[in-house]
Amino acid sequence: MISYFTWSEFDKSVEHIAKKCKFLEFSGIYGVPRGGLCLAVALSHKLKINLISEPIKNSLIVDDVYETGITLKAFKDIEGAMFFVLFSKIKPTWWNTVHISEKREWIVFPWEETLNLQRDRNEYTKKRGLS
């Protein structure tokens, strides 16, 4: 199943995360490359938090999708860090999400190239052992 996430939905998601983080203090915001970069920039502007090139103590760490956890788990032990993803394919435990999606759902973000959609999806699922 393929779902298209729009810029309007993205803006609403940024608002949602900003409300949750409004009264918290962060040393910076880190967007996991590549999927988290657009979200990090949008939240940086909204919350007036500096972007950082690597996650540090008390940082806000964001990504587009939590699927297998491989990406975010690498940062899990950073002291005081808070984690947000736009979509989680499982119920969040130590991270936060805006949306829960189906395991088989492939989400196409508005900043992505759709011409190579099927190839990208196949490469990703093969690489992660999700086929």
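Student: Where does asparagine 58 lie in this model?

Tutor: Asparagine 58 is placed in the loop between helix 2 and strand 3. Please keep in mind that the model is a predicted one.

Student: Why is asparagine 58 called partly exposed?

Tutor: Its relative accessibility is 31%. Buried requires a value under 20% and exposed a value over 50%, so asparagine 58, at 31%, counts as partly exposed.

Student: What makes the phi of asparagine 58 worth a remark?

Tutor: Asparagine 58 has a positive phi of about 60 degrees, although it is not a glycine. Most residues other than glycine have a negative phi.

Student: Which other residue in the loop between helix 2 and strand 3 may be discussed?

Tutor: Lysine 48 is placed in that loop, and strand 3 covers 60–66. Lysine 48 is likewise not a glycine, and its phi is positive, about 55 degrees.

Student: How do you know that lysine 48 is exposed?

Tutor: The relative accessible area of lysine 48 is 74%. Exposed means over 50%, therefore lysine 48 with its 74% is exposed.

Student: What is particular about the peptide bond from proline 33 to arginine 34?

Tutor: That bond is cis, with omega near -5 degrees. Most peptide bonds are trans. Arginine 34 belongs to the loop between strand 2 (29–31) and helix 2 (37–47).

Student: How many helices and strands does the protein have, and in what pattern?

Tutor: The protein has four helices and six strands. Along the sequence they follow the pattern β-α-β-α-β-α-β-β-β-α.

Student: Why is the protein called as compact as a globular protein of that length?

Tutor: The radius of gyration is 14 Å, and the globule rule gives 14 Å for 131 residues; the two values are close, so the protein is as compact as a globular protein of that length. The C-alpha trace spans about 40 × 30 × 25 Å along its principal axes. Of the 131 residues, 41% are buried. Among contacts with a separation of 6 or more, 49% are between residues 24 or more positions apart.

Student: How many aromatic pairs does the structure hold?

Tutor: The structure holds 12 aromatic pairs. One of them joins phenylalanine 10 and tryptophan 111.

Student: Why is the pair of phenylalanine 10 and tryptophan 111 called edge-to-face?

Tutor: The centres are 5.4 Å apart and the planes stand at 75 degrees. Rings pair if their centres lie within 6.5 Å, and planes over 60 degrees apart count as edge-to-face.

Student: How do you know that the pair of tryptophan 94 and tryptophan 95 is edge-to-face?

Tutor: Their ring centres are 5.3 Å apart and their planes lie at 75 degrees, so the pair is edge-to-face. Tryptophan 94 is partly exposed, with a relative accessible area of 23%, whereas tryptophan 95 is buried, with 4%.

Student: Which residues do ring pairs link into a cluster?

Tutor: The cluster consists of Phe5, Trp7, Phe10, Phe87, Phe109 and Trp111.

Student: Why is phenylalanine 26 called buried?

Tutor: At 17% relative accessibility, phenylalanine 26 is under the 20% limit and therefore counts as buried. Phenylalanine 26 lies in the loop between helix 1 and strand 2. Apart from its neighbours within four places in sequence, phenylalanine 26 is in contact with Cys21, Ile49, Asn58, Ser59, Leu60 and Met82.

Student: What makes serine 13 buried?

Tutor: Its relative accessible area is 1%. Buried means under 20%, so serine 13 is buried. Serine 13 is in helix 1. Leaving aside neighbours within four places in sequence, serine 13 is in contact with Phe5, Leu86, Val98 and His99.

Methods: Residues numbered from 1 in each chain as written. Predicted model: local features only at pLDDT ≥ 70, side-chain atom pairs only at ≥ 80, totals over all residues. Heavy atoms only, no water. Helix = DSSP H or I, 4+ residues; strand = E, 2+ residues; numbered from the N terminus. Buried < 20%, exposed > 50% of the residue type's maximum accessible area, 1.4 Å probe, protein only. Rg over C-alpha atoms; globule rule 2.2 N^0.38 Å. Contact = heavy atoms within 4.5 Å. Phe/Tyr/Trp six-rings, centres within 6.5 Å; stacked < 30°, edge-to-face > 60°.
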